[in-house]
Amino acid sequence: MNRQKSGSFLGGTFILMVSGILVKVIGAFFSIPLANLYGADGNDIFISAYYVYTAMYVVSSAGLPVAVSKMVAEANALGRGREVRRIARAALTAFVLLGAALSLSMVLLTDALCRLVGSSCRYALLTVAPTIFFTCIVSALRGYYQGLSNMVPTAVSQIIEAMGKLVFGLGLAYYLMGAGYSLDVVVAGAIGGVTLGTVFSALFVIVYGLRHRAQALPDTGPCRPMGALLKNLARLAVPITVGASVFSVSSLIDTFMVKLRLQEGCLMTDAAAGYTYGAYGFAVKLFNLPLSLVTAIGVSLIPAISGALALRQREKTRALTESAFRLTGLLAFPCAVGLAVIPEPVLRVLFGSQPEACAVAAPLLRLIAPAVFLAGMVSVSSPVLQAMGRVFLPVWSMGLGALVKIVCNYVLVGIPEIGILGAPVSTCLCYLTILCVNLWSIRRMEVPFSPARCFAKPLLCAGVMGVFVSLIYPPLARLLGSGRTMAALAVFATVALAAVVYLLMLAATRALPREDVLMLPRGEQIAKMMKI
């Protein structure tokens with residue numbers, strides 16, 4: 001905890017990664033039983049409602065917490081304690097008003113949004129609408145504490161949110177399904193867990209804030225007036241929010257477009273297109289699982305770089321940037337390779353009650369697997385630019401990526417020989433476009449960054465691991481048998497052995513530098529154990 005309070009970048013990352021793993025495990029216990037409960041048709045309704053919610057969620061949580069975190073980190077680095085507290089008050093006021101407006105808008109536009117995504121998700125949208133208001137409160141306080149390099153409130157509130165979703169969402173879905181309610185009502189019950197989880201998360205951060213409101217901060221500098229702080233908050237937050245909103249809205253349009261193009265180009269019925277898109281959603285669930293780990297890097301990176309730049313510590317900025325990229329590669333490469341090598345066995349273990357949907361999703365998961373690395377790199381490169389004050393650059397890159405995704409989906413999905421396979425290809429091309437623009441922008445800012453130095457060794461280690469998995473899984477699966485339990489055991493055993501092989505390769509190639517390890521909590525002990 002001392003390292004965290006002293007502003008350790010990797011210390012904060014470590015805390016968020018641990019919470020991210022717990023959140024994803026809890027989320028898996030939520031989403032996987034639900035997918036098995038209501039199948040691809042119910043998954044289509046859930047995804048449609050969730051993408052609408054995400055579009056609103058991005059407006060409330062994409063730019064404002066980043067702006068608050070950056071402003072708090074800069075003011076705290078310069079010793080402006082009063083200004084730090086004033087930023088928190090300004091942000092909370094703005095967030096509450098924004099959240100109320102967005103929640104009300106979502107309720108009023110429910111029917112129009114249902115027509116946009118072509119899904120009967122009306123009840124689900126009404127159920128999730130209040131979430132935006134409570135998310136804004138959570139985002140304001142998370143941004144404040146992230147700016148102070150205190151990731152504990154963010155980590156704990158994420159876990160509380162996930163537990164609320166699991167307990168209430170899964171419970172309501174099973175109850176409503178057993179009581180004979182229609183599929184759209186069952187999905188609304190499931191997504192209602194998201195709302196209740198966010199309410200409990202908001203209560204936690206409010207109580208935490210009240211208990212720590214007297215936290216002592218250095219106060220040796222001037223304090224800007226509230227109006228100037230609000231203006232600066234908007235100047236930083238609006239471009240980030242617009243960029244993320246463009247990408248989120250494009251994903252929402254994508255939901256409607258993919259199903260429409262399957263009907264127009266591949267001559268599918270509305271029901272068949274919805275089922276196919278729902279099956280693709282299984283692949284997307286697995287694609288999203290590893291991303292919380294690398295997202296934690298970006299969250300910790302913004303206050304760390306902002307504070308270093310405020311003190312004109314350019315060498316520290318360079319070291320933080322390179323460490324973030326290197327850690328992203330170490331985490332993302334094995335996840336991408338693993339999903340690409342044995343997609344169908346993994347899907348069948350998780351969604352065994354939907355074998356037909358798993359068969360549809362398997363090639364889609366293999367195609368979307370490279371986007372795990374690309375999306376992870378985007379989640380780090382964008383915060384680097386934002387922390388350096390180049391808030392408009394990620395806006396343009398995300399807008400260009402969204403355009404690529406929409407165009408490619410329209411063209412590829414409408415070709416009968418390609419069909420739904422065009423959706424994951426479009427996703428990969430989208431993230432590749434964003435990443436290329438971001439990296440080009442970072443290099444233009446004269447931040448030394450060597451892709452070969454950061455990624456060569458992790459890629460080699462992940463490649464060896466992938467070859468090992470492709471060789472060990474088939475005989476292991478034959479040895480253990482074809483029953484569902486034995487098949488699951490074969491997958492888990494393969495994953496465990498692959499993790500050992502990857503760690504051994506990392507140690508053998510010295511892919512993780514000692515200076516990065518030392519910035520982790522108990523870094524000296526870890527370095528000694530790994531003989532780094």
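1. A residue is called buried when its relative accessible area is under 20%, exposed when it is over 50%, and partly exposed in between (1.4 Å probe, protein chains only). By that rule helix α14 (residues 343–350) is mostly covered, since 6 of its 8 residues are buried. The buried ones are Pro343, Pro345, Val346, Leu347, Val349 and Leu350. Helices here (H or I, at least four residues) and strands (E, at least two) are DSSP runs, numbered from the N terminus.

2. Some ground rules apply throughout. This is a predicted model, in which local features need pLDDT of at least 70 and side-chain atom pairs count only at pLDDT 80 or more, while totals for chains, interfaces and linings use all residues. Residues are numbered from 1 along each chain as its sequence is written, and side-chain values use heavy atoms, with hydrogens and water left out.

3. The overall make-up comes next. The protein chain has 22 helices and 0 strands. Of its 532 residues, 56% count as buried. The chain exposes about 21,900 Å², and carbon and sulfur atoms supply 69% of that area; accessible areas come from the Shrake-Rupley method with a 1.4 Å probe, and for residues only the protein chains shown count as cover.

4. Among contacts in the protein chain with a separation of 6 or more, 83% are between residues 24 or more positions apart.

5. The next topic is the interior. A nonpolar core is a set of buried Ala, Val, Leu, Ile, Met, Phe, Trp, Tyr and Cys residues joined through side-chain atoms within 4.5 Å. The largest such core has 88 residues, and Tyr280, Phe287, Phe325, Leu347 and Phe351 have the most contacts inside it. Helix α16 (residues 370–387) gives the most to this core, with 11 residues. Apart from this core lies another, of 33 residues, including Ala49, Leu113, Ile191 and Val194. In soluble globular proteins, nonpolar side chains tend to be buried together.

6. Phe287 deserves a separate look. At 5% relative accessibility, Phe287 counts as buried. Leaving aside neighbours within four places in sequence, Phe287 is in contact with Leu339, Leu365, Ile368, Ala371, Val372, Ala375 and Tyr431.

7. Aromatic rings can be checked in pairs. Rings of Phe, Tyr and Trp (its six-membered ring) pair if their centres lie within 6.5 Å; planes under 30 degrees apart count as stacked, over 60 as edge-to-face and the rest as tilted. The structure holds 12 aromatic pairs. One of them joins Phe133 and Phe134 edge-to-face, at 5.3 Å centre to centre with 75° between the planes. Phe133 is partly exposed, at 25% relative accessible area, and Phe134 is partly exposed at 24%. Phe287 and Tyr431 form a tilted pair, 6.3 Å centre to centre with 45° between the planes. Phe287 lies in helix α11 (residues 270–288) and Tyr431 in helix α18 (residues 422–444), so this pair ties together parts that are 144 residues apart in sequence. Tyr431 is buried, with a relative accessible area of 14%. Tyr144, Tyr145, Phe204 and Tyr208 form one aromatic cluster.

8. The expected span of a helix is 1.5 Å times one less than its number of residues. For the 14 residues of α15 that should give 20 Å, and the end C-alpha atoms are 20 Å apart, which agrees. α15 also bends by about 35° at Ala361, with a proline, Pro363, following within four residues; the bend at a residue is the angle between axes fitted to the seven residues ending there and the seven starting there. The buried residues of α15 are Ala357, Cys358, Ala361, Ala362, Leu364, Leu365 and Ile368.

9. Which residues does Ala40 touch, not counting those up to four places away in sequence? They are Gly274, Tyr275, Gly278, Ala279, Phe282, Gln354 and Ala357. Ala40 lies in helix α2 (residues 9–61) and, at 2% relative accessibility, counts as buried. Ala40 and Ala279 are 239 residues apart in sequence and 5.4 Å apart in space, C-alpha to C-alpha.

10. One backbone angle should be noted. Phi of Leu267 is near 60°, a positive value in a residue other than glycine. Leu267 sits in the loop between α10 (226–264) and α11 and is exposed, with a relative accessible area of 73%.

Note on methods:
Contact means heavy atoms within 4.5 Å.
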